[in-house]
Every structure is written in C-alpha cells, then in structure tokens.
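Reader: Could you take me through one part of this model closely? I would like to look at the contact between two of the chains.

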Amino acid sequence: MTTRTLQFKIYRYDPDKDRKPWMQDISVEVDGTDRKLLDALVKLKAVDDAISFRRSCREGVCGSDALNINGKNGLACLTDLSSFPEGKPIVLRPLPGLPVIRDLIVDMTQFFKQYHSIKPYLINNDPPPERERLQSPEDREELDGLYECILCACCSTSCPSFWWNPDKFVGPAGLLAAYRFIADTRDQATSERLDNLEDPYRLFRCHTIMNCVDVCPKGLNPTLAIGKIKAMMVKRAI
Amino acid sequence: MSITVRKFDAVIVGAGGAGLRAAIQLSESGYKTAVITKVFPTRSHTVAAQGGVAASLGNSEEDHWHWHMYDTVKGSDWLGDQDAIEFMCKKANECVIELEHYGMPFDRTDAGKIYQRPFGGHMSNFGEKPVARSCAAADRTGHAMLHAMYQRNIKASTQFFVEWMALDLVRDDEGEVLGVTAMDMETGEIVVFHAKATIFATGGAGRICYSSTNAFINTGDGLGMAARAGIPLEDMEFWQFHPTGVAGAGVLNTEGVRGEGGILRNSQGERFMERYAPNAKDLASRDVVSRAITTEINEGRGCGPNKDFVLLDISHLDPATIMKRLPGIREIAIQFAGVDCIREPIPVVPTAHYQMGGIPTNYNGQVVVPGKRSQNEIVPGFYAAGECACASVHGANRLGTNSLLDLLVFGKSAGESAVEQLKQSPKAHKELPPGEIDRALARVDRLNSQKDGASVHETQLEMRRTMQKHAGVFRFADLLKQGVAKILDVQKDVQRTEIRDKSKVFNTARIEALELENLIEVAVATMVSAEARKESRGAHVRDDAPDTEEFPNGRDDRNWLKHSLWYKDGNRLDYKSVKLTPLTVETIALKKRAY
Amino acid sequence: MNRIVTGAHYGLKDWLVQRITAIVMALYSLFIGAALLAGVSGYDGWRALMAQGFVRFFTFLFIVSLCWHAWIGVRDIWMDYVKPAGIRLALHSLTAVALVGYAGWAIQVIWRL
C-alpha cells in the first residue's frame, strides 16, 4: 500500500503549561485507507497524545470536528487528504472568533447562547391532537435546507459580523434555525419570532458577506434564509 | 481529598435519544434533573441514525402493532422478552406522534400524514409481505429526532452538564444507586452527582470492533460503570453487523436504501438475496443479509480487485426520488465511496453496528438483577434505556428502525418510572457511602502515576482487531476459545495504560484511556458470552451449530432459550429465562426463522 | 452586572432606508451619467441643467439620501468597533453634526444657483 508523509502546522495552546499559543511542526505517515483529514489527526494523536481536538461521528453529521483548515473553516471528517497540495504543510487552527480552551478546542458557549436565544423549538399552543398535525408535502419541503444544520459553527465563526458582535448578532446558524421555525406551518409564533429579531444587531448585522454559504459543510444557505426573514419583516411592516 | 457533591433529584448519564427523552419526562414533571454528557447533546450518536423509526401508524397501508410485535419476536430469534416487545410495539404510535408534536420534521404523505417506508424484517399480517412501517425524515431521521428532542429540552429548561464524563456509579451496601462520579473535561475536576434516581442512557460500544459504523464516542461507558459496580451485562454475545457499511470507511448506508428499492448484487451482477430469502429478498432481516453477503464474498463472488465487497445498486431509481428520500446517502457515497449513487452502485460490506445486549432492565426501564427472591430484582434508584440497556426487545437480532423506537419508548418509560419513584421518595437524599467514591478517584490517580505502561492507541487497536477476528459475522468454536485468552491478555494491558499528556485542561488522552477501560469490559463480556453459547441464534452463528433437522438454523431451544448474564467479578456467566408470556396477547410460538 | 440588551426595534427601518436611499442614489447617478452622455458640459451647461425645478428636487433628494445612508453606515461602524458608550456617543454626535452640515452646505449650493 502506498504511503505518504503529510506535514502539519498545528495551533497548540495548553493553558496548564503554555504561556502563549505556538505553532507545532509535525508530520505523520498516512496510507491509502486514510482518506480524510480526521484519519490523519487520529494518527497524529498516536504520535503526540497531547494534541487536542473534538471528534465523534466521523461522517459529517454530528458537527464536532470543525476546524480552520488552511485558513478556511470546515469539518476534518469531510476534508479529503487528496485535496491538499503536495509539499506544503497543512495549517490547522481552532475556529476563529471564539475563545480557545485548548489547542483546536474552542469554547462554544457564545455560539450556543445565540442558538438558544431564537427559541429553537416548535411553539404551538393548541392542545395537541390525537394524531400527527397534518402538513402537506409542499409545506414540509419549505423546511429542506433548514433543518439539516449540524451546529458545527463553521458558518458563524467565519462571519465578520459575528466576530465583532458575538454577544449581540445571532449569527448565520442561529438565524437559519430561526427561519426553520418561521417556515414551519405547525409553528404559531411567527410574530414573536420576528419581534425577537427586530433590532439593529440580532438580524440586521448580516451584511450578506456570504462566508457562511461558502464554508457550510452541509451545503446550506443561511444568507438565503436571512433574506427571507427580512422579506417577511418588510411585508409585515407595510 | 475533599470532593464537591452536587445534589439532584435525578441524574441522567448520556444525552442521546434515550437520555433526552427521559430528561423531557423528568424536567416537565418539575424535578431537578442533571443530564451529564461527554459531547454536546446533538453530537450524540443517535444523530447518525438514518432510515426511520418503526410504528404501525398505517399511514400508507394497513398495519397493526400485533404484526409489528410478531416481526420483532421473530427478528429476535425468540430471545426477546415478549412482555417488553408487546409494550414497545403498542407504545410506538403514541411516542412517534409525540415527537411530531415536538416539531420533528417528518416527511409527509400526500394526505399530510407522516411518511412511512418499508424496512428489513417488517411485514404485514404476521410475516406475509413487506409493509411500510418506518416513519422517516428523508434519510436523516436520527438527526431530525435528536435535534427535536434537544429543542424540547431547551423549552423544558433541562440542566445539561456538557462535556462531563461520568466515571463510576455510586452504590451503597444495600445495592441502591445514589448517583455517579463525573469529571468536568474542561478542568479535570471530579464531582459527585448525588441523586435519588440515576438513569443510564450511555449508548452502545461499537468501538470494540475494528470496523464499525459507530462514532468514536460509542465506548460503552455505562456498561463499564455498571459492570464495575457489580451489575451483570445481559446477552452481550449478540452484536448486529449492518449489511451495508461503506467498504473501507465503515460509514452506514441505511436499510432505507433497500426500502426505497435498492438491490444488492455480487460480482456476477446477480441479485443474490433471492437465493437466501426468496420472500423478503433484500429486505430480509439484518443478520440474514449480513451472512448472505459474507457468504458471497467467502465463496469468491465479491467485487473489486480483492473481491471483498458487494454492490448496493440504486441507479435504476428515479434521480428525483434519490434526491428527495436519500440525499444523505448520496452525500455519503460521494464522500466516502467516491461514487455518485445516481449513476453507479455503492461498494458495501457488513460492518459492526449495534449491541443487542446491555444492562438488564424490565419494560419500565428499571435495572433488574438476579437476587435471592427472583431472577429480576429491581436495583433501587437505577434505570437504563436505549442501546446501553437490554429490556430485552431485540433478543438475538434487532430489526432496523426498532432502535430509535427502543430509545423513545424506554427513554420515556424510564423517565416515568423515575418520576413515580421520586413522588414517593423522602425529601432528604440517602447518605453517600464513603468508600464508593474512591473507586473513580483511584482510576484517575492510577492513570496519572502510571510508569512504563502500555500505549492507549496500540492497546485499543489490539482489542478491536481481536474482536473483529474472533467474534465476527460468523463465529468459530476454536477462534472463540483463542479469542477469550487473547482478550484477557489485552485486558491486562488496559489495566496498565499510560498517557504522556498530564494536563488538567481538556485532556482527551485521559478521556480515551478511561473510555478504553469501559470498552474492554464490553469486549470481555462479548467474547466470554459468545464462547459459552453453544448454539446459533440470530446474530450469533457458530460453525459447530449448523442448520439441522433437530436444530433448525442451529438453534437449540431446549438448552439455550435463555439470556446470558456476564459478571465482571470473577469473569463468570449466569443465565436467566426468556419471558415468553406477553402482557395481553398470546405467546408467539417458537418456530424456525425464514424470510 | 453586564446584561446584554437588544431589541431596539429600529433594525428593519434602517435596513429599509439604506435600500431605498441606495436606489435613489443609483437613479441619480444614472441621471448624471445620461446628462454627460447627452453632452452637458461646462459651467453654463450644468447651470442650465440645475436651474430646472425637477433637477433641483432630484439633487436635493440625492443629498438627503446620501447623508441618511452614510449616517446608518458610519453609525454601524462605530457600533461595531467602539465599545465605550461615552466615546461612541461623542462619535455619533460628531458624525451627525458633520452630515447635517454637509447637507446644509449642499442645499445652500443648489439653491444659490
């Protein structure tokens, strides 16, 4: 089996012993069975067990292993090793814009706070019927491209508006989730949800930079969802 | 050393489907509940479930819970407890409807009802022909379900301890469970979660195998903790190999692919399942299909340069159907197999997927162990649900979509049982036994001070290779015997693992070492139980128990119609009888299993 | 206590205003472009054009749009980058004074024509 050596530059910071962050040069041998960046990271950890990163499902549905890979946010488990040019080290950093706990692990409290702030649950105050609430296939289709979000934070941490105002701007992931409930015919809280976003920061800090669309590992389009929320607000106002 | 103690009415370990469902029950009843989870809730492995959740809603054709029950008993090769199976199949509709009310985005029929698709082993009219019973949200049912339940928990203000790892059970002299010790991964601090009710929903341990569809986090933590606390593990020899993991990568391709019309083919292009299961064909139950694929490969009809996989073909389906019903599968095929399944077939092999066994419980989610008075004495204050538990509804082989149903029904019933207990509990917590807490501290101390030890990475590789070779799809008497000796050797290494990283802050090396201590309990339990069971049943098929007239499919009901119970203490086995009497209907009588 | 307060309820209005003023400015730019193409040149040419009531009104609209648009944009920048409330208020005030001043000056120029 053919093997090749991959060079890495990895952001390292352990507050227990490092005074400041540093970049580690390290290499690892991979073979044909190692297809994804995560495979290489797991091998790296066998070489240096102190390299710290999150991972779980290794198939792009749990959203744990989001990293800044050669300057662009993405999931390690969905990034092909063959996509890296030969001879150049692969630079791995934690997601930008969030505090670093250790190495490639960031503190996502702020990100989840914003997600929670949009009330990400179905609100329907009618007494629940005996059977399922009916929804036509067309109405259900409105939720496609919205409910699939895995909360990996690739989008929000690539958004300059989120970098400047992580405490006040909901960010693309949270706004996508907000529209997921606005678009759900079973939800009755559309007005409250729009009120909740009617603010110079929470929604309108989106300047359609579209970094979120560029990095989303699931191919979702938060900018489009944000545009639809704005359109609904305009419609409501006039 | 003084250690912080936090008091709760209930503590739930694990925030996958079962844990979140139990948490909804407790939080909405107003009890102070802590949910401890190694990963943020939506990263739990329930998120990876694809095909659907079984319920006899009958939204597109006639269906009945009794038919579902029949299929589940048959699928279990009669090892499932029929009272628990009846309970689960009867509760299915209610639990799925509840999920819909929580906001889960199910696909819809033209009439606006929940969309249902056929799935392996699910038949109408007591095994007659495949029926559409699997309620689905495209091929992302687990994702949609886990998010919907997490969202419901936000609404209910459940208190989560995210990125905390439970270390050990706290159990007093009378056997009552009083909570767990757990470590805050971010700081390394160890805290006692003192509770009146403790619910384990820690998921499976698929990581004992070399090739597995499971996430890295599926390390059987609950099983390890239970085993160390003297609780036996039930039916651990039964492991499901999913027929269609992506060859090489191990990533799952849902049975829903075949439910939507996908076909398995060998190197000659033959639809070989017609020979193994003339009636259900590609939708036979998983153990049957996995063995058929393995047989095809063993007999030289595998595909590829090494003839080591078969092909899952959906290229005859309308591309629009694939994009609508199986968009995630297309992504997986492109990402992990390098093929676009709209045009080309996907290379697949059977891959370790699900543990049918686990912590023994009854259908109320209460943990039960053999005692002086009965085979099923309740362990006070202790509950388990989901893959870590064995109710037992899956017996020797689980049907597809019954796992999501299991975690809904038993997550809820464990939560309800805990609520009932809390209503009657005295206000004050029972006193913590002093020595119990030291067990967890000792494990962590040992790791911190170990010198000249074994590498965690090498040891876990050795364990996984051993399990793969000695306890695979087909099992051989001599390999099992060697396997027991080998896995006990690996266990010795696990007891002396060493980590170089000694940091207190988010030390993932330490977490992996602690996880390995849980995995090895599961691995030993599996190997020992499998070696001892001298028959073929469901997913456990031995070369020395072939299909004969006296023993159809190699099944020996006279001697082996019983549950295995493995005890860590003394590495010994015990057995208890299978409950053949359902709650209200007649026993589904034993017969040879054929699809 | 450091509570984060949001919900100022002027997000939509400002966003809409920026869009509408942008349209006005775009139309005005097209108009000026067309005038150039039509051969308007020299002080007298421009003076003649600006003498028409419609053009004056349009120019006035353009100036108001420009200032309003700039007010929202510049205020957003101060909000993003300047966190201390006192300094931010001072910058807001300076910006407002400057923009009102520019607008007054421009109107004076037009009406003196």
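Author: Happy to! Let us begin with a term: a polar contact is a pair of N or O atoms within 3.5 Å; within protein, one must be able to donate a hydrogen and the other to accept it, and residues adjacent in sequence count only if both atoms are side-chain atoms. Between chain B and chain A, 38 residue pairs are in polar contact, both at pLDDT 80 or more. The elements of chain B that give two or more residues to the side touching chain A are α3 (82-102), α4 (141-155), α10 (327-337) and α15 (508-532), where helices (H or I, at least four residues) are DSSP runs numbered from the N terminus. Of these, α4(B) supplies the largest share, 7 residues. By type, that side of chain B has 29 nonpolar, 20 polar and 18 charged residues, with Ala, Val, Leu, Ile, Met, Phe, Trp, Tyr, Cys and Pro as nonpolar, Asp, Glu, Lys and Arg as charged, and the others, Gly among them, as polar.

The model is predicted: local features need pLDDT of at least 70, side-chain atom pairs need 80 or more, and totals for chains, interfaces and linings use all residues. Residues are numbered from 1 along each chain as written, chains are lettered from A and ligands numbered from 1 in written order, and side-chain values use heavy atoms, without hydrogens and water.

In all, 67 residues of chain B contact 61 residues of chain A (heavy atoms within 4.5 Å). There are 8 salt bridges across this interface (a side-chain nitrogen of Lys or Arg within 4 Å of a carboxyl oxygen of Asp or Glu). One of them joins Arg186(A) and Glu100(B), with the closest N and O atoms 2.8 Å apart.
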